[in-house]
Amino acid sequence: MQRSLFRRALSSLASKRGHSGIAATEVVASHNDENAEAIPKMPPFDYTPLPYDGPRAADILRKRVQYLSPSLFHFYNKPLNIVEGKMQYLYDEDGRRFLDAFGGIATVCCGHCHPDVTEAIINQTKKLQHSTVLYLNSAIADFAEALANKMPGDLKVVFFTNSGTEANELALMIARLYTGSQDIISIRNGYHGNAAATMGATAQSNWKFNVVQSGVHHALNPDQYRGHFGTDGEKYAKDVQEIIDFGTTGRIAGFISEAIQGVGGIMELAPGYLPAVYKMIRNAGGLCIADEVQAGFGRTGKHFWGFESHDVIPDIVTMAKGIGNGIPIGAVVTTPEIAQVLTRRSYFNTFGGNPVCTAGGHAVLKVLEKEKLQENAHLVGSHLKDRLSELKEKHEIIGDVRGRGLMLGVELVTDRQKKTPAKAEIAHVLDLMKDMGVLVGKGGFYGNVFRITPPLCFTKQDADFFVDVMDTAIAKL
């Protein structure tokens with residue numbers, strides 16, 4: 001199957017290879033003039049990509065299949081070779097410009113190759129790329145201070161890691177050590193990583209291998225679109241209390257959840273759910289962990305952290321992705337009291353908090369504040385959501401529009417009453433949108449939800465172009 005897909009993709013790329021380069025301001029290639037008239041026009045952008053004379057997509061795909069893990073997959077019938085990025089735009093091997101509405105899976109927050117972030121990384125790399133946290137260095141201390149100042153309550157101690165999976169693994173271990181209990185409760189449809197403990201907390205079979213995953217209970221998902229109780233978060237929360245009463249000793253280690261499930265299809269937890277659950281968890285001796293890997297760093301607009309929209313303060317917060325704008329860095333933030341548990345043994349992370357990544361992360365935080373990107377996420381995100389909601393009224397295939405700020409989801413269904421996932425249709429629309437110059441993600445358990453998580457420098461003009469392209473693509477179904 002893998003080889004067959006490779007041959008088809010290779011054939012498509014080989015037929016494309018003869019195309020001449022395309023100017024950065026043009027919207028689309030391989031369309032005749034008559035069709036091009038119906039294609040929305042991409043907003044102007046004053047930037048010319050560097051000439052590219054490196055390996056072509058077909059060559060890269062051949063090596064990828066031969067030398068990289070067969071578990072890797074790609075979007076599109078004709079896989080893209082992305083060679084350059086600038087702010088909210090990406091460029092392929094022919095210099096063609098694409099609007100990036102996926103942001104490297106909710107990772108690029110300031111914009112691709114933001115000059116301030118790039119400069120900070122280069123300057124630090126020139127001085128000191130790596131030593132060890134056994135020596136002092138200002139980069140890690142300064143960033144930890146700045147990060148702690150963005151946290152509510154007594155969340156003031158930072159542990160740096162290399163990824164979101166690592167951050168969540170550490171958070172779960174801290175909760176078990178602090179409480180002396182082993183039982184963790186997470187939510188169905190959630191995703192928290194792909195290592196031992198985090199795979200256990202993840203509650204989608206798509207992402208779980210047949211390995212030992214013990215000590216985790218998965219509660220009913222407070223799904224406002226498909227759930228039995230609609231938007232009544234407190235009714236969903238009762239399942240958590242039943243798990244505590246009937247599935248544990250009555251004492252637990254903790255509860256972990258995203259405020260908006262990213263991999264799960266941009267599913268925002270029903271209002272009233274988290275306050276009720278946090279109270280139950282703490283009454284059972286557990287800690288509350290907020291997974292902010294995707295929703296954090298201003299992406300949801302009104303609040304810097306996703307959990308803040310639910311009016312709760314966690315005991316532990318995990319983060320990655322947007323923290324580094326593409327740099328491999330994650331973090332766990334907790335209270336001084338809880339942090340003490342890691343002094344019982346030696347805890348060490350070779351690369352966690354290295355000078356280059358923390359200098360880059362600190363620069364990201366400064367850019368977010370200087371350019372008011374959280375405010376932009378709210379303004380542009382609200383505009384985009386309104387326009388997508390209008391699109392829902394026009395196209396029966398759009399079953400739901402949801403999310404906050406620039407973390408939005410559009411669920412496609414073939415039947416609005418039955419909410420039948422439109423899995424084949426979304427793949428076709430995804431390809432059509434790419435052909436018109438827009439890159440967007442998809443996810444959800446059924447793979448039928450557009451995941452719209454662009455860089456936070458996205459403009460209203462970008463949002464309008466995105467909606468117009470989606471409208472045009474869906475109309476072609």
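In the predicted model, helix α13 passes helix α15 in a right-handed crossing. The residues that make this contact are Leu 379, Val 380, His 383, Leu 384, Arg 387, Leu 388, Leu 391 and Lys 394 on the α13 side, and Lys 460, Ala 463, Asp 464, Phe 466, Val 467, Asp 468, Met 470 and Asp 471 on the α15 side. Sorted by class, the contact of α13 with α15 comprises 9 nonpolar, 1 polar and 6 charged residues. Helix α13 spans residues 373-394 and helix α15 spans residues 460-475, and the two pack at an angle of about 20° with their axes 9 Å apart. Because angles under 35 degrees count as roughly parallel, α13 is described as roughly parallel to α15.

From α9, Gly 233, Glu 234, Tyr 236, Ala 237, Lys 238, Val 240, Gln 241 and Ile 244 meet Tyr 273, Ala 276, Val 277, Met 280 and Ile 281 of α10. The contact of α9 with α10 divides into 9 nonpolar, 2 polar and 2 charged residues.

Helix α10, comprising residues 273-283, also lies across strands β5, β6, β7 (254-258) and β10 (287-291), and runs at about 160° to β7. These strands belong to an open sheet of 7 strands with mixed pairing, in which the order is β4-β12-β11-β10-β7-β5-β6. Strand β5, residues 184-187, pairs with β6 in the parallel sense over 4 bridges, and Ile 187 stands opposite Ala 219 in β6.

A further open sheet consists of 4 strands in the order β1-β2-β3-β16, again with mixed pairing. Its edge strands are β1 (82-86) and β16 (438-439), and because each has a single partner strand, one side of each is left without a neighbour in the sheet. The pairing of β1 with strand β2 (residues 89-92) is antiparallel and extends over 4 bridges, with Ile 82 standing opposite Asp 92 in β2.

Helices α5 (residues 115-127) and α12 (residues 355-370) have axes that come within 8 Å and cross at roughly 155°. Since angles over 145 degrees count as roughly antiparallel, α5 is assigned as roughly antiparallel to α12. The crossing of α5 and α12 is right-handed. Asp 116, Val 117, Ala 120, Ile 121, Gln 124 and Thr 125 of α5 make the contact with Pro 355, Val 356, Ala 359, Gly 360, Ala 363, Val 364, Val 367 and Lys 370 of α12. In terms of class, the contact of α5 with α12 contains 9 nonpolar, 3 polar and 2 charged residues.

As regards confidence, the pLDDT of the protein averages 93, and 92% of the residues score at least 70. Over residues 14-35, however, the pLDDT is below 50, and this stretch has 35 contacts in the model beyond near neighbours in sequence.

Definitions and conventions:
Residues numbered from 1 in each chain as written. Predicted model: local features only at pLDDT ≥ 70, side-chain atom pairs only at ≥ 80, totals over all residues. Heavy atoms only, no water. Axes fitted to C-alpha atoms, helices over the stretch in contact; angles between N-to-C directions. Parallel < 35°, antiparallel > 145°, perpendicular 65-115°, else oblique. Left-handed = near helix turned anticlockwise from the far one by under 90°. Contact = heavy atoms within 4.5 Å. Nonpolar A, V, L, I, M, F, W, Y, C, P; charged D, E, K, R; others polar. Pairing = 2+ DSSP bridges. pLDDT = per-residue confidence, 0-100.
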